[in-house]
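Here are some notes to read alongside the structure. Keep the 3D view open and follow the points in order.

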Amino acid sequence: MLPLVSVLLEMVSRRVWVAAAAATALMVMARLSSFADGEKAVPCYYIFGDSLADSGNNNMLQTVAKVDYSPYGVDFPRGPTGRFTNGRNIVDFFGPTANLSFTFFASPAEYLGFECPIPPFATATDVDTLTGVNYASGSAGILQQTGAQLGQRIPLDVQLDNHGVSVSALAKITGAAAASRHLGQCLYTLGAGNNDFLNNYFRPEFYPTSRTYTVKRFTALLANRYAQQLQRLYGLGARKIGVFALGQIGCVPFAIRRYGNNGSASGCAEALNDAAALFNVRLKSAINRLQAKLTDAQFVYIGSGSDMLMMVRQKNSTTVTELKALEVVDCACCTVEVSSGQCVPDKAPCPDRSSYVFWDWFHPTEALNSVTAAAAFEAVRPLVAHSSSVGESSMLRLAAAVQAM
């Protein structure tokens with residue numbers, strides 16, 4: 001009897017495997033078909049970074065830095081999702097078709113055309129890896145220890161680990177060769193470093209870095225580490241990589257309240273802005289070196305949105321209509337908990353959110369995100385300008401690989 005039972009179990013096991021494989025193949029084909037029917041600029045989009053891009057990865061972590069409650073998401077179709085703003089964040093504008101025009105540009109920003117926001121890694125399925133995953137995590141940084149005082153977070157190194165998991169899942173679905181070709185056509189954006197200053201270097205009560213390094217040495221260390229992480233991403237198959245510069249971190253309400261502005265003309269904590277500016281110089285140089293070394297990839301420094309806060313504060317000298325509408329520059333739209341700088345749960349926010357720059361003490365409103373995204377996408381445009389037909393052929397190759405399973 002035992003041999004017969006063994007044979008029967010093996011037959012059942014094979015049928016279950018075949019059924020599961022068939023179901024996966026159907027889901028994959030449906031995803032590929034949705035790409036063919038649309039007009040996506042790239043076949044997939046992978047996102048790395050901090051709370052400016054987090055779309056829910058921190059929701060299940062033990063951390064102060066999570067916002068899966070109202071009034072966060074008050075203007076987002078799905079309500080509170082873990083996004084650190086009232087509506088869409090910057091990378092949300094990159095993903096789904098927005099059909100928005102901005103007077104700052106000669107032509108509307110050409111967004112990527114995905115029907116839905118890119119899902120967070122925390123809830124993404126293996127099939128989701130075909131079209132993209134968001135790995136960003138609030139309070140995370142380039143350095144492993146950054147943000148530790150707030151609790152659990154997913155540092156950039158771990159985000160890359162998670163992307164490795166996604167790459168392996170994709171290879172199992174399509175085969176290694178097809179997955180490699182596919183990944184080479186995807187867009188990757190990274191936005192890290194904010195917390196390495198706000199929740200590390202300039203928080204001496206928690207971290208020794210400001211006593212160990214001068215600003216010059218710290219920014220050099222940070223840029224070098226970031227370059228290593230970008231090269232690791234390249235090793236995982238990325239070939240179209242956009243890297244966000246740091247903005248004026250000294251102009252966020254938290255920084256002004258904590259460090260003061262010392263009478264600066266900008267009204268901001270200029271020590272933090274100066275550190276961010278020096279890091280940006282080093283980051284741009286590091287990206288140029290990577291481009292010279294890894295010639296089959298495209299690296300883009302996304303610096304066009306980094307001065308947006310200063311443009312808002314000097315709106316009398318700008319012609320950007322959307323920036324002129326942002327009248328409240330140093331107060332949060334929501335009622336803020338002083339200890340965290342985040343919104344008090346379930347408290348009604350300001351009614352005119354389109355006139356506020358900041359949602360809480362750290363994060364911009366959807367109104368500012370929309371303008372920043374448009375400016376940033378101009379820098380990313382070279383990575384996607386000629387990708388539509390290539391992306392479609394990538395999807396067709398994947399479809400053939402899946403059909404051959």
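1. Gly113 sits in the loop between α2 (90-94) and α3 (156-174); helices here are DSSP runs of H or I with at least four residues, strands are runs of E with at least two, and both are numbered from the N terminus. Is Gly113 buried or exposed? Gly113 counts as buried because its relative accessibility is 12%, and buried means under 20% relative accessible area, with exposed over 50% and partly exposed in between (1.4 Å probe, protein chains only).

2. A quick word on what you're looking at. This is a predicted model, where local features need pLDDT of at least 70 and side-chain atom pairs count only at pLDDT 80 or more, while totals for chains, interfaces and linings use all residues. Residues are numbered from 1 along each chain as its sequence is written, and side-chain values use heavy atoms, with hydrogens and water left out.

3. Now for β3 (240-244). How many of its residues are buried? Five of the five are, so to speak, tucked away as buried residues. In a regular strand the side chains alternate between the two faces of the sheet. Here Lys240, Gly242 and Phe244 are on one side, Ile241 and Val243 are on the other, and all are buried.

4. Strand β2 (residues 187-191) runs parallel to β3, joined by three bridges, and strands pair if DSSP finds at least two bridges between them. Leu190 has Val243 as its bridge partner in β3. β4 is also parallel to β3, with five bridges between them, and Gly242 stands opposite Val300 in β4.

5. Next, look at α9. This helix covers residues 270-293, 24 residues in total, and spans 35 Å from first C-alpha to last, close to the expected 34 Å (1.5 Å times one less than the number of residues). Its buried residues include Leu272, Phe279, Leu283 and Ile287. The buried residues of α9 pack against several elements, among them α7 (215-235), β3 and β4 (298-302); contact means heavy atoms within 4.5 Å.

6. One last thing to find: the lining of the largest cavity includes Ser51, Phe84, His363 and Asn369. The lining divides into three nonpolar, five polar and no charged residues; Ala, Val, Leu, Ile, Met, Phe, Trp, Tyr, Cys and Pro count as nonpolar, Asp, Glu, Lys and Arg as charged, and the others, Gly among them, as polar. A cavity is a set of points on a 1 Å grid over the protein atoms alone where a 1.4 Å probe fits but cannot get out, and lining residues have an atom within 4 Å of a point.

Notes. On a 1 Å grid over the protein atoms alone, a cavity is a set of points where a 1.4 Å probe fits but cannot get out, and a pocket is an open set with protein on both sides within 12 Å along at least five of seven lines; lining residues have an atom within 4 Å of a point.
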